[in-house]
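The account then turns to pairs of charged side chains.

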Amino acid sequence: MENSTKPAAASLAEQEAEKAKTEKIKKIITWITAAVAAVVVIVLIYVFAVRNPGIKKAEAAFSKAYTELSMGNDSLALTDMRAAAEFGGKSGNLAKVYAANMLYENGDYAAALEYYKKADLDDEIAAPGVLGKAGDCLVALGKPEEAISYFDKAASAADGNPQLVPYFLQKKARVYNNLGKSDEEAKVYDEIIKKYPMSLQAQSAEKYLERAKAAAANK
């Protein structure tokens, strides 16, 4: 009789242990489910209470500024663009670029540069263009070495575009020319000719390459 009760007792103990294990797993699943639900709620609150209203405000601010610009009210448009640029999102970033362009045209290169640097555009044409304009600002501000780095960034962002890359490379070559770095200038023009022979820049690059080589030989 003793031998028959021992297996029964062991079986009961195993059942209790399995039951406790199952309950523990259920609790863990409940905690995980609650945590996921909490995250979802937080995301929804952000989207509907914070992000969406912010986007609408940015769009309204940019629209107002663009209307003023279209009407030729440049001064007011710049003020409104700078206000719209305080927002994030697509409209806020577009406002940064418009404000930067207007400041650049006004000769305020330092202020324009700050907006170009802050602009974050996810576009294969606009993004390299913004980096290139930042380079133009740096040239105007007498910072050629930093300008070269931005023209490099612009060419890299252009990702092999046969029209854009040689355009930024040519800007880089011109800065080297102004610095008197003929060897570096020649390398850039040689790159344009070899990698982008069908580009507009390649048509004049041969002439500038020979000039750069001659200048380097005379040093």
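Which helices do the buried residues of α9 pack against? The model is a predicted one, in which local features need pLDDT of at least 70 and side-chain atom pairs count only at pLDDT 80 or more, while totals for chains, interfaces and linings use all residues. Residues are numbered from 1 along each chain as its sequence is written, and side-chain values use heavy atoms, with hydrogens and water left out.

The partners are α7 (164-179) and α8 (182-195), against which the buried residues of α9 pack. Those buried residues are Gln201, Ala202, Ala205, Leu209, Ala212 and Ala216. Buried means under 20% relative accessible area, exposed over 50%, and partly exposed in between (1.4 Å probe, protein chains only). An α-helix has 3.6 residues a turn, so residues three or four places apart point the same way.

Helix α9 itself covers residues 200-217, 18 residues in total. From first C-alpha to last it reaches 27 Å, close to the 26 Å expected at 1.5 Å a residue; the expected span is 1.5 Å times one less than the number of residues. At Glu206, α9 bends by about 40°, the bend being the angle between axes fitted to the seven residues ending there and the seven starting there.

The chain as a whole has nine helices and zero strands. Helices (H or I, at least four residues) and strands (E, at least two) are DSSP runs, numbered from the N terminus. Of the 219 residues in the chain, 32% are buried.

How many salt bridges does the structure hold? There are nine, a salt bridge being a side-chain nitrogen of Lys or Arg within 4 Å of a carboxyl oxygen of Asp or Glu. One of them joins Asp80 to Lys64, with the closest N and O atoms 3.0 Å apart. This pair links distant parts of the chain, with Asp80 in helix α2 (residues 74-84) and Lys64 in helix α1 (residues 2-70), 16 residues apart. Asp80 is buried at a relative accessible area of 12%, whereas Lys64 is partly exposed at 46%.

Another salt bridge is formed by the side chains of Lys172 and Asp152 (2.8 Å, N to O). Lys172 lies in helix α7 and Asp152 in helix α6, so this pair ties together parts that are 20 residues apart in sequence. Lys172 is buried, with a relative accessible area of 13%, while Asp152 is partly exposed, with 33%.

Note on methods
Contact means heavy atoms within 4.5 Å.
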